[in-house]
Amino acid sequence: MKRLLPILLASAAIVTAYPQRTTSRKLRPAELPSAAVAEALPLDTLPLAGDTLAARFYGYEKTLRATRETLFIRNATDRETSEARFTIVYLDDAGREIHRRRVARRVSIPPGQTIRLDIPSWDTQKTYYFRDGPRPRVSATPYSVRIIPDTLILIPR
């Protein structure tokens with residue numbers, strides 16, 4: 001046992017003195033011609049103002065103990081979407097901002113159709129409930145939301 005300890009200590013010192021390199025030094029990113037990139041990503045971007053009719057948001061819901069928020073998005077364009085980006089502003093009863101976040105989700109919405117979108121809740125401590133939803137039996141803080149559409153990514157025809 002006395003002989004084994006110095007051998008183990010010496011081998012540990014050698015291993016830590018010369019760390020092993022696990023990455024290759026000769027890796028290079030593959031370059032695609034610009035035409036190939038354009039064909040691989042046939043998308044169009046539609047920037048949205050807050051009052052546009054291209055995307056309609058409604059039906060927001062979040063109960064006190066919910067871990068997810070639900071809302072509906074209607075695609076009022078004549079093309080299918082591949083992604084929606086929007087901002088949710090959370091307001092207290094006095095209209096003051098409690099929280100704000102930007103959401104970007106890949107969603108396929110056919111033209112003229114509506115989908116339900118579930119996103120993780122901002123309220124991780126579960127102390128807030130949506131004012132227009134069911135009122136909880138325990139003490140909780142009500143809030144309202146304002147959804148501001150930012151961008152729709154459209155698939156070209």
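**Aromatic pairs and a positive phi**

Phe-57 and Phe-86 are both buried in this predicted model. Their ring centres lie 4.9 Å apart, and their planes meet at 50°, so the pair is tilted. Tilted is the class left between the cut-offs of 30 degrees for stacked and 60 for edge-to-face. In total, ten aromatic pairs were counted.

Another pair is formed by Tyr-60 and Phe-130. Here the geometry is edge-to-face, with 4.8 Å from centre to centre and 70° between the planes. This pair also links distant parts of the chain. Tyr-60 sits in strand E2, Phe-130 in strand E7, and they are 70 residues apart. Tyr-60 has a relative accessible area of 8%, so it counts as buried. Phe-130 is buried as well, with a relative accessible area of 8%. Both residues are members of one aromatic cluster. Tyr-90, Trp-122, Tyr-128 and Tyr-143 complete that cluster.

The backbone at Lys-126 was examined next. Lys-126 lies in the loop between strand E6 (114-120) and strand E7 (128-130). Its phi is positive, about 55°, although the residue is not a glycine. Most residues other than glycine have a negative phi. Lys-126 has a relative accessibility of 28%, and therefore counts as partly exposed.

How values were computed:
Residues numbered from 1 in each chain as written. Predicted model: local features only at pLDDT ≥ 70, side-chain atom pairs only at ≥ 80, totals over all residues. Heavy atoms only, no water. Helix = DSSP H or I, 4+ residues; strand = E, 2+ residues; numbered from the N terminus. Buried < 20%, exposed > 50% of the residue type's maximum accessible area, 1.4 Å probe, protein only. Phe/Tyr/Trp six-rings, centres within 6.5 Å; stacked < 30°, edge-to-face > 60°.
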